[in-house]
Each structure stands twice: as C-alpha cells, then as structure tokens.
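Here's a quick tour for anyone meeting this structure for the first time. Take a look at the sequence and the model, then read on.

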Amino acid sequence: MMVRRYGYLGAVFALAWLMAAAPSPAQAATGWHEPRIPGTSKDAVILGRDLDGDGDPDEVTINLEVIEVREEVYPGKVVTFWVFAPEGEGMVSPARFPSPTIRVEQGDRIKINLRNTHYFPHTIHPHGTIHPNAMDGVPDITQAAVKPGEAFTYEFIAKNPGTFFYHCHVQPDVHVLMGLQGMFIIEPNRPNNNFRHLIVGAGEITDLAVAQAEQYDREYSLVYTDIDDRLNDIPARYKDPRRIEKKMHREYDSTRRHPNIFMLNGRSFPFTLRDTLIKVKPNERIKLRILNAGARVISLHTHGHHPILTHVDGYPVPEAARLTRDVFTLTAAQRIDLELRTTQDDFYASGPGVWIMHDHTEQAVTNKGIGPGGDITIIAYEEFVKPDGLPKTAVSLDRFFDPDFYSGKVPVFDPSIFNTTLSDYEKGWTKPRQPEVGSKAAPVPPAKGGSPPEPVSPAKEESHSTLKLPPIRQRTAAVESPVRPRAVVSPCAKPRSFRRIVLMGGTKVAREGEVYGFDRREIRLRKCEEVEVTLENTDSIRHAFKIPDLAPLFNLEFRGPGKRTARFVTPDEDVTLEFRCNVPGHENFGMVGVIVVGKGGGAGRKL
Ligand SMILES: [Cu+2]
C-alpha cells in the first residue's frame, strides 16, 4: 500500500526533517512531527504554532505544485494526469493521481500555496468549505488564474468539520477531469490532534484524528473519478503547449465526452485491490469518506453490508434521517460519509468474507468495456487477506493482471466451454445468425477487443475523429533520445582554469512557443575548468540547473524568485553535456540546453 509505504519511509526521513525545520517553542511542545513524504521538499507541509495550547499545531502551510504524470491505471493502460502534488525536490516527485487528500483541524489557520509548475494556468477552488470570497479560486471572477511560474496563497480558517473537495476551477471540464482534484477533510478540534496533513493517492487513513478514533476503528478516503482517455491522452502526443491548448480546450468537445475509464483512488480493477482494499475485521465500525470527483452520477453498492449515511457534503445528517441503504447515489462533486459496520447482526452486515464494493452504473465495472474492471474494490475481512495483501478469492485473479485481457486479445470466458482452445478460438466461426423475420437489422460484426465501435451517432464519431490524434509518444524519451547512449563523465580532479557564468531560468526567458526557458541554451567551457554558476530563477516556483551526465550529477535547485550560486568542474575531455531543469516537464517546455566542453562531442547534441 502506497500510503503505508510512505508512512514507514517517512520515519526514515524524520531525523532529516527535525534537523531541517526550526520548530517554534509551541510546536516543540506538541511533541509531534509530521513524517516527511519521500521526494518532497522539507517545506511541502509546514506546521506552525499551537494557538489554543491543546497540543497540536493550528497553523498549517501546504505547498502544492502542478505536475503531469503518466500512470498505469489497470494492466497495460497508461494514462496522463495533471495533479496537485506536494512540492517536490530533486528528481523524485510524489505526484500521483488523485491529488493528495488534505487534512486539517477545525480552527486551523490554513495556507495553501499553489506554485504553478505546469504549462497552463490553474487555481484551487476549496469546494464546500466556508472561506472568504477572495479565496474561492474561480478564475476571472475572484482572482486571475495563476499563470505558469506564478504562485498564489489560499488562506482561510477551517470552519465546519467534514469531508470536502478541492479542485482547479480553470476550464474545469478539462482540468478537473485531468486530475486536478482531491479530497479535503476538516477534522473536529480535539486536544493532541496530531495527524498527517497530506495523504498521497488517498486510500486508507492509518492515523485517525482524535474525533474519528472516538467512534471508528478505521477510516478510508475514497475518490471516484471517470475519465475519457481521448482527453487525457492528448498532452502526451504533443510538445508545443499552444497545440496542446488547441487540442484540449477547443477541438476536444467535452459536451460529447464519453467516459471509458472508471477509477477508485486513481486505479481501476484489479489494481484497486492492491491500492485500495477495504480491510476490516468483525465487530468494527469503519468510516468511509466518499467523493465523486467525476462528471457522472455514481451508484455505490456495498455487497453484504448496509452502511449508514452519516454526512452529506460534509455536513451531518440528523440522527432520525440517517438512512441505511445498500446503494448510495452521489452526483458530481458530492461527498457522503458512511458508517460501515462489520458486526454479523444480519441487519447491517452479513458476516466475514470478500464482499465487493462498486459503482452499480454497470459500465463503471469495466475497463473500456471489458470487465471486470473499473472502480470495483473489495471489503476484505482480515482472514481473507493473503500475505501479499491481495484478497483470497474463489478463483485466481491472475488473468486480470495480464494486459492482454484488457486489450481484448483473450476471451472473457474459458474457451473450453465452447469445446475449443485459445489458439483455435477464432477459426471456422459459424456464420452470423440471420436477422429475425421482419427485422431490417444487419448482422452485428464481432467487436474488436479493446476498442469496440462506440454506440454513438456517426456525427459523434466524426467529432472525435476531427481530433486526428497522432500516436502517443513519451516526450521525455523523445528529448533524451538524441543524446543516448549517455556518456557519464567525471569532473577533472585538478582544475586548470576558473570562470563565472550567470544564467537566467524561468518564464521570463522563455522563447516563442515555450513556457519556461534558460536565457542561454549553449554554454562553452574549457576542459578541466572550475565553474561558478549563478542561476537567477525569475519565477515563484522552483527551477533547477542540472547536469545529469556529470558523475556525481550537478544540481542547483531552489524556489524563486532569486539567485543562487554553486560550483562544478568540467571533465578533462571534449564532450557535450546536456543541462536541464529538474522539475518534471520543464525540459519539455524550454528548460534544456548543452554545455560544450572543449571541442564537444560524445554524448551531446546541437539544439
Ligand atoms: Cu524549471
């Protein structure tokens, strides 16, 4: 489980965190320090003073970036997302879809700094919380959209506890469904209420807030999303941001959207079992916080259990109105909190086992029309969980972990029931049945697996075909390919000369058609030269000047605006080295160049 893993690794980073942060006296008094999520900068989450003196910090600052990621959502299917991610550092980013679940305490003074590291403008709309109008995050109406390289601080006091939502409000028909969406939880105020403020990927909440621990044994953050992969795949096909804008915001017609991938916490079955298995024991009460962050209505069905509806849209349901149901509908953006009981009382629960939980709008239990898939997960009682973390099922689920299954290459039923084998399956098929007398319907040709003809009008087919999408390519790989195989070179031991170089990086020195850039794209240096480089970062986000092929690699990285200086030494050979920004994606939008050492050559390339 990803969340768990962060928890364990977080402890490893705790010492570094303690040394890096300068705790205020009040903070020290709480005796609690947030484990640092691996790959984040030390101030991705900053905890401040304990204002009410009750043993937990009441000032919470969260630094979020916007990162494009490509993730395998079910076997063989890789999808592009944009996510709000805790501010990263170096090459590792904790970016993952959905955007992290944010947790704060009632009364906390919250600051969420949106540092837009992306190539499009964005905002954050805190959905459902009580906040000043200026913090509502609606572009043009309450603020200007935050442009690439810029930052904006959302600052308000957390009021009513509950399960809320946050999402980008720029072109929401595209940006929300690209992944700029996450759950926002306000916990009731209690003494010594110490918990992690960001849960990457949502899922199980392993450190319950005090008020939840009073009532529940476990808690889950469940974010449901449906996407149309024809939209999500667009950014991976193009390098020019102007072209991406045109394809996504003008040519893709969201009114003709056709969702085909259905996810729970960013994964579809069977990966849901790995990442969001609902683990329970008998005689427990489990709090399920559920957000429908997609654009459809979902009908969530809990096999074997009748949970109790305790909250709608973050606010408590009066005791007398607390429905007990087996299907709960959630409209777009809606949240519900459910109390799942596991006492075998023949009313709320049927007893131990592996009980699936899924959206009952039936297409949602498929991966592009091939099932089982979609947002299915399992309420798995402890004795039904194997040592590898997957549930014990009646039949092995191995075939669903094979990409061929979801590409339509494999029949969904065992071929033996038709007295054939996989290799003979499509040989000598009998002719299509004749249409019934009086029917004008033509025989239906067998569907092509994985990309069945859509049950849509010809006009709609045409509208999508006007996108004329080229094949997906890995932009990063495309940029890197000319310099492969990379020559990793070592700096010279005794420099023979010295020089200072100054360069600017950021939006202000980007060229036409770029978002970010360096003011110099080619730097000529001598062999065996010590170089003092000063980078001026023109933006309010982090940028880096990295030479990945120098061993050990050189990386000057910091959040701007401002200047920093560091030194490196060139190798004692004629070689061309690439330099680039370290922030994911920036090298694709202008922040890349070459260092020609001596006569150059070897690994390098001309830009
Ligand atoms: Cu950068």
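## The nonpolar cores

A nonpolar core, as the term is used here, is a set of buried Ala, Val, Leu, Ile, Met, Phe, Trp, Tyr and Cys residues joined through C-beta atoms within 7 Å. Keep in mind that this is a predicted model. Its largest nonpolar core has 93 residues, and the members that touch the most other members are Val83, Leu114, Leu222, Ile278, Ile290 and Ile378. Strand 2, residues 59-74, is the top contributor to this core, handing over seven residues. Two domains take part as well: domain 1 (2-197) and domain 2 (255-418) each supply at least three residues to this core.

What does Val83 touch, if you skip residues up to four places away in sequence? The list is Ile67, Val69, Ala95, Arg96, Phe97, Ser99, Gly179 and Leu180. There's also a second, separate core, this one with 28 residues; Tyr119, Phe120, Leu556 and Leu577 are among them.

## The chain as a whole

Stepping back, the chain has 607 residues, and 43% of them count as buried.

In general, strands of a sheet pair through backbone hydrogen bonds, either parallel or antiparallel. Here five strands make an open sheet with mixed pairing, and the order across it is 6-8-9-4-10. Strand 6 (125-127) and strand 10 (198-199) sit at the edges, each pairing on one side only.

How does strand 6 run relative to strand 8, parallel or antiparallel? The two are antiparallel, and three bridges join strand 6 to strand 8, which covers residues 162-167. To find your place in this pair, look for Pro126, which stands opposite Tyr166 in strand 8.

Most residues other than glycine have a negative phi, and most peptide bonds are trans. Two peptide bonds to look up are cis. One joins Phe269 and Pro270, with omega about 5 degrees, and Pro270 lies in the loop between strand 13 (261-264) and helix 7 (271-275). The other cis bond goes from Gly371 to Pro372, with omega near 0 degrees; Pro372 belongs to the loop between strand 21 (354-359) and strand 22.

Next, the phi angles. Asn192 isn't a glycine, yet its phi is positive, about 50 degrees. You'll find Asn192 in the loop between strand 9 (181-187) and strand 10.

## A stop at Lys392

Where is Lys392? Look in the loop between strand 22 (377-381) and helix 8 (403-406). With 13 other C-beta atoms within 10 Å, Lys392 is partly exposed.

Leaving out residues up to four places away in sequence, Lys392 touches Val354, Phe384 and Lys386. Gly353 is 39 residues from Lys392 along the chain, and their C-alpha atoms are separated by 8.9 Å.

Methods:
Residues are numbered from 1 along each chain as its sequence is written. This is a predicted model: local features need pLDDT of at least 70, side-chain atom pairs count only at pLDDT 80 or more; totals for chains, interfaces and linings use all residues. Two strands pair if DSSP finds at least two bridges between them. Helices (H or I, at least four residues) and strands (E, at least two) are DSSP runs, numbered from the N terminus. A residue is buried if 20 or more other C-beta atoms lie within 10 Å of its own, exposed if 12 or fewer, and partly exposed in between; C-beta atoms are placed from the backbone. Domain bounds come from an automatic or database domain assignment. Two residues are in contact if their C-beta atoms, placed from the backbone, lie within 7 Å.
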